[in-house]
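Hi,

Here is the structure I said I would pass on.

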Amino acid sequence: MVHAAEGELYRRVLIRASEACGIRALPIPAKEIELRAAGALGIAPAGLPARLAALGKRSGRPWARDQKESALAAWIALSAGAVGRT
């Protein structure tokens, strides 16, 4: 429970810090990230692994879970117009 609470605190701090800097935060639940990213890209969820693999090949190492989830979040944010200052 302590680790879960710590994770929630970390998320809240990042959201508040972003907003204090005039950057709109776009929280994305981990359970939804792949489905939302597929929707943002306009592809079927089954096509997402190939899209991620192609991006990882061009990006180089490291290309682990953190980098993949960051790419998914970026695709979602870009499609939502969340990038940039408010």
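Predicted model: local features only at pLDDT ≥ 70, side-chain atom pairs only at ≥ 80, totals over all residues.

Which residues of α3 are buried? Those are Leu-48, Leu-52 and Gly-56. They cover an arc of only 65 degrees around the axis, so they sit on the same side of α3. What covers them includes α2 (33-41) and α4. On the face turned away from that buried side you'll find the exposed residues Ala-50, Lys-57 and Arg-58.

Now for the packing against α4. The two helices, α3 and α4, meet at an angle of about 110 degrees, and their axes are 11 Å apart. That makes α3 roughly perpendicular to α4, because angles of 65 to 115 degrees count as such. From α3, the contact uses Leu-48, Arg-51, Leu-52 and Leu-55, while α4 brings Lys-68, Ala-71, Leu-72 and Trp-75. By type, the residues of this contact divide into 6 nonpolar and 2 charged, with no polar ones.

The backbone after the helix is worth a look too. Just after α3, Gly-60 takes a positive phi of about 85 degrees. Then the peptide bond from Arg-61 to Pro-62 is cis, with omega near -5 degrees. Pro-62 itself lies in the loop between α3 (48-59) and α4 (65-80).

Cheers

How values were computed. Residues numbered from 1 in each chain as written. Heavy atoms only, no water. Helix = DSSP H or I, 4+ residues; strand = E, 2+ residues; numbered from the N terminus. Axes fitted to C-alpha atoms, helices over the stretch in contact; angles between N-to-C directions. Parallel < 35°, antiparallel > 145°, perpendicular 65-115°, else oblique. Contact = heavy atoms within 4.5 Å. Nonpolar A, V, L, I, M, F, W, Y, C, P; charged D, E, K, R; others polar. Buried < 20%, exposed > 50% of the residue type's maximum accessible area, 1.4 Å probe, protein only. Arc of directions from axis to C-beta.
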